[in-house]
Amino acid sequence: MSILRGLTLSSWAIPVCLFFCWVYMRTKYHWTQVLGILVCIAGLGMLVSSDMLTDKNYPALSRGKGDAFMIVGATLYGFTNATEEFLVRRRPLYEVVGQLGMWGTLINGIQASALEHYAMTQASWNGATIGFLLAYTAAMFILYTTAPLLYRSASSPFYNISLLTSDFYGLLFGLFLFHYSPFWLYFPAFAVVIVGLIIYFWHATPEEQGKLNPQMPDYVRAAQPEHGAQV
């Protein structure tokens, strides 16, 4: 799969997330939000163009299979983000994040042991590998504990379109870690995406994206002392 096709298909997560937010919360989108999304996707197009102009492209081994995996992955990603927003607007953060971490650890552990056991035995477990793994784990921990806060204060579609800036941040790390030579188009592309994010909330406020009404879980309420005492 080419970079152009990959990045274009990955942006499918945005309309999927918008659709499921409407299903869950009946969110009403203003035309300026649609415009903001289109501006962000234009910024993504500039990033793709910069990669194409600098020959950062690779031949596809199985284009049809790659396209199918990208569409399925983007669909599930948009669905899970919208679902998580729906949950954090109605349940405590510790419950949603705790359940996410518990089930994610179990499922990923089973998946890794079943599909990647041999690869893990053949990997070079040196200091650099372990360091990068710990850094990646820390980054994922920060991401999945702060994303629910953004879902409450803004929305999951805003989170999804914000991820379009990830190429630029990857470039910044590449400058220091791998001494990349950035193509000039990266910088205006980043600016275009930021403008699109501003347009997205220019008219529609975060409060209009969904009702925020977290409820205390029954098991916590049952554990409280009687007569309304605080715990």
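**View 1. Helices H5 and H7 pack against each other in this predicted model.** Here H5 (residues 93-115) meets H7 (residues 127-153) at an angle of about 140°, and their axes lie 10 Å apart. Helices are DSSP runs of H or I with at least four residues, numbered from the N terminus; axes are lines fitted to C-alpha atoms over the stretch in contact, with angles from 0 to 180 degrees between N-to-C directions. The two helices are therefore oblique to each other (under 35 degrees is roughly parallel, over 145 roughly antiparallel, 65 to 115 roughly perpendicular, and the rest oblique). On the H5 side, Leu-93, Val-97 and Leu-100 meet Tyr-144, Thr-145, Pro-148, Leu-149 and Arg-152 of H7, where contact means heavy atoms within 4.5 Å.

**View 2. Glu-95 sits in helix H5.** Glu-95 counts as buried because its relative accessibility is 14% (buried is under 20%, exposed over 50%, partly exposed in between, with a 1.4 Å probe and protein chains only). Leaving out residues up to four places away in sequence, Glu-95 touches Pro-217 and Tyr-219.

**View 3. Ile-37 belongs to the largest nonpolar core.** This core has 13 residues, and Ile-37, Phe-158 and Tyr-200 are among those with the most contacts inside it; a nonpolar core is a set of buried Ala, Val, Leu, Ile, Met, Phe, Trp, Tyr and Cys residues joined through side-chain atoms within 4.5 Å. Ile-37 touches Ile-14, Leu-18, Ile-161 and Tyr-200, again not counting residues up to four places away in sequence.

**Notes for all views.** Residues are numbered from 1 along each chain as its sequence is written, and side-chain values use heavy atoms, without hydrogens and water. In this predicted model, local features need pLDDT of at least 70 and side-chain atom pairs count only at pLDDT 80 or more, while totals for chains, interfaces and linings use all residues.
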